[in-house]
Amino acid sequence: MKHVLTLLILLFFSFSFSQTKKQKAPKIGLVLSGGSAKGFAHIGVLKAIEEAGLELDYIGGTSMGAAVGALYATGYSAKQVDSIIMAIDFEKMLTDQIDRKYYSFFDKKHSQKYLLTLPIKGLKVGLPLALSKGQNTYNTLSQLFHPVAHIRDFSKLPIPFFCMATNIETGKQVEINSGSLPIAIRSSASLPTLLSPSKLDSITVIDGGISNNFPIQEMKKKGVDYVIGVDVQGFLKKSDNIDSAIKVIDQIVNFQLYGKDSTDFKKEVDLYLHPNVKDFSIIDFDKKREIIDAGYEKAKNYIAEFKAIASQQNRRKKREKIILSNKMYRVNSYEIYGAKNYTRRYIRGKLNFKEGESISLKTFNQNINYATTSSNFSNIYYDFNEKDSIVDLKIHLTENPNFQYLRLGAHYDNIYKLAGLVNYTQKHLLLQNDIFSVDFAFGDNIRYNLNYFIDNGHFLGYGLFSRFNQLETNINSPNFMDMNVNSINLNHHDFTNYLYSQINYQNKYAISVGLEHKHLRIYTNSFASERDQNRTFFDKSHYLNFVAKLEADTYDQKSFPTKGVLIDASWRTYLLSNNYNGDFAPFSQLRAKVEGTWTISNRWTFMGQADGAVSFSDNTPEQFSYLLGGYGDNFINNFVPFLGYSFTELQGNSFLKTLGTFRFRYYKKNYIDFSTNYGLVSDDIIEFMRHDSFFQNARTGYAVGLCSSTILGPIEIKYAWSPENRFDRVYISAGFWF
């Protein structure tokens, strides 16, 4: 009955208009409510409006309603908006997930092993403001709205537009109708706990849904004659159904529209639509298609009303279709605003652009990720002012006020046993571009790692690395059979300091050279010597070394990668020693490990590895021999994992090893893998290879494992064996290696 009454009224107005040609065509305003993921229903409504030939004269919205409305107001068709939304990975965008390739080489090596990162404010440990800083959201919006970036007055858009935000200090509504459109939408959609508050001129704002989720009155002030309102919010929930922070926020937003003191907003609009999205939550971003279709299903019931309104309009020219291109622009000049603790050279190095070079908007947008992953900036906004394929860049930075962090982790494996990890990280400790980080691992084997690095982006950087690594284990020792000892307790203490300079290319490759000081303490408590009384030391020397490294890391993820290459090659020359054993002479060692992972199919990946080392000396000290055996990572000095043999069972001055692993993903992030390795260990492997076949004489080992990627890090259970020595063992690893 309501539909019939509305249609009769519209037909009456249509008839009256046809009798009075001089009557002005009505101005139609569309108001789209907030609702986060439920706001996808607005797209379905726009499709029906477009099908009916109805043209809009003003659009206003809040949160997701603002985002959808702005896209349509910019000039995108309803079909294009549908395609845009369907193509966006909202989980990745709203959680600021960034491809690992954008992480600095320093962070790839040292920062991806923590379970929890907390900011330190003053002397107190704080909590993050939200799940996301919103940089990915801004980057996406900036690229989508680039065709109208030159329009600062939103009333000058192809369809005039406004949106709502909330002043975080007063709780009052803020109407945004000018400025940067990407920042406006980012501000309107700053849902608490999901996106951090946004800076808008001199005020800080949060999601507009907190103060005005359905800006009908603001639309009426625009001089429109007819208001269509689309409300995707639900109704007030019972307390038993409010069981998460997100649902609490949803309830707060609904107070305005559905609370006892709220006005009857349905009477304020001329045509009210309420799509059936009650079964969806505000975080159902993976149900885009269903929600869009729900909006269309509701709106198609109003096609007749839309057509009746459209019949009163004077037909305007067809909207020009927006086509995003990857056009190249030459950087004429750039200005950087808001940088206090970071130099222009550092920022330009991070963003990876130069004056006079050509760059596309898409590439520049992606390059922002290089700076974002550093956590040095809360936001990076920019004006990409173009004219005749020439661009003047204005980069606006908001430095992260938090430059101190507490990070926590944990790990268990068969070698290092159980360990907890506490990290303290501080930015610009001594210089603007530096980072100081120290790990302390406590448990069965106490260790620490200290890193100080002056990060100049893609320019030459400088660093200091200091480590204490302790490993205590029992190993088989056939060398001591004549002492009636077949197993000894071995304590291996390594204190290393490395002063170096490093240059990296696109965060994929790094070359470093420097000087290294190493102090080794290797001893056993299994028996004593006359020299040491309570124990026997195998080494207690200081060494000074020259070190050169070539490293590469293009893996798409640290654990269970599906593609990429890993290279770790080093040349180390031992120059000087205080010579505890009295047999030291300068010598060198070259080691190279090359590893690659390839995706075979949607569920299968293959990892291949070649690892080898050569000692250039006729008499390499035994403590610098290569010891192969066991399973693990981050081993101390020349310990090398080798499946099928016990820890350190194989020993020699040189070795060559190959490893292959097939991994099958059987459910989400759960895997089954099968590995096989072959290896030769010899004091002169080059001479050995001249006369003997590698695979005919190689030691072999195999393993089958169950693995899973969890919020606690990777968890692996492997059963390893070798047919040559009847060895078998179960290895367990839980958490990131450190």
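**Notebook: charges, rings and burial**

I started with charges over rings. The charged end of Arg663 sits over the ring of Tyr671, and the distance to the ring centre is 6.0 Å. My criterion was NZ of Lys or CZ of Arg within 6 Å of the ring centre and within 35 degrees of the ring normal. Lys222 also has its charged end over a ring, that of Phe162, 4.9 Å from the centre.

**Ground rules**

This is a predicted model, so I note that local features need pLDDT of at least 70 and side-chain atom pairs count only at pLDDT 80 or more, while totals for chains, interfaces and linings use all residues. Residues are numbered from 1 along each chain as its sequence is written, and side-chain values use heavy atoms, with hydrogens and water left out.

**Whole chain**

I looked up the secondary structure next. The protein chain has 16 helices and 35 strands (DSSP runs numbered from the N terminus: helices are H or I, at least four residues; strands are E, at least two). Of its 738 residues, 54% count as buried (under 20% relative accessible area; exposed is over 50%, partly exposed in between; 1.4 Å probe, protein chains only). The chain exposes about 34,600 Å², and carbon and sulfur atoms supply 55% of that area (Shrake-Rupley method, 1.4 Å probe; for residues, only the protein chains shown count as cover). Then contacts (heavy atoms within 4.5 Å). Among contacts with a separation of 6 or more, 63% are between residues 24 or more positions apart.

**Salt bridges**

I counted 18 salt bridges (a side-chain nitrogen of Lys or Arg within 4 Å of a carboxyl oxygen of Asp or Glu). I opened several of them.

Lys220 and Glu268 meet in one, 3.7 Å from N to O. Lys220 lies in helix α9 (residues 216–220) and Glu268 in the loop between α10 (245–258) and β12 (271–273), so the pair ties together parts that are 48 residues apart in sequence. Are these two residues buried or partly exposed? Lys220 is partly exposed, at 36% relative accessible area. Glu268 is partly exposed as well, at 27%.

Lys518 and Asp494 make another salt bridge, at 3.0 Å from N to O. Lys518 is in strand β23 (residues 509–524) and Asp494 in strand β22 (residues 487–505), so this bridge ties together parts 24 residues apart in sequence. Lys518 counts as buried, with 3% relative accessibility. Asp494 is buried at 0%.

Next I opened Lys718 and Asp673. Their closest N and O atoms are 2.9 Å apart in a salt bridge. Strand β34 (residues 713–722) holds Lys718 and strand β32 (residues 670–682) holds Asp673, so parts 45 residues apart in sequence are tied together. Both Lys718 and Asp673 are buried.

Salt bridges also form a network, which links Lys47, Asp82, Arg289 and Asp293.

**Aromatic rings**

The search of the whole structure gave 37 aromatic pairs (rings of Phe, Tyr and Trp, its six-membered ring, with centres within 6.5 Å; planes under 30 degrees apart are stacked, over 60 edge-to-face, the rest tilted). Tyr138 and Tyr382 pair edge-to-face, at 5.9 Å centre to centre with 85° between the planes. This pair links distant parts of the chain: Tyr138 is in helix α7 (residues 135–144) and Tyr382 in strand β15 (residues 377–387), 244 residues apart. Tyr138 and Tyr382 are both buried.

Which ring has its centre 5.1 Å from that of Tyr382? The ring of Phe364 does, and the planes stand at 85°, so the pair is edge-to-face. Phe364 is in helix α14 (residues 361–372), 18 residues from Tyr382 in strand β15. Phe364 is buried too.

I then looked up the cluster around these rings. Tyr138, Tyr329, Phe364, Tyr381, Tyr382 and Phe384 form one aromatic cluster.

**Cysteines**

How many disulfides does the search of the whole structure find? It finds zero (cysteine sulfur atoms within 2.5 Å). Cys163 is buried at 0% relative accessibility. Cys707 is buried at 3%.

**Phe587**

Phe587 counts as buried, at 2% relative accessibility. Leaving out residues up to four places away in sequence, Phe587 touches Arg572, Thr573, Tyr574, Phe616, Ser617, Thr620, Pro621 and Phe624.
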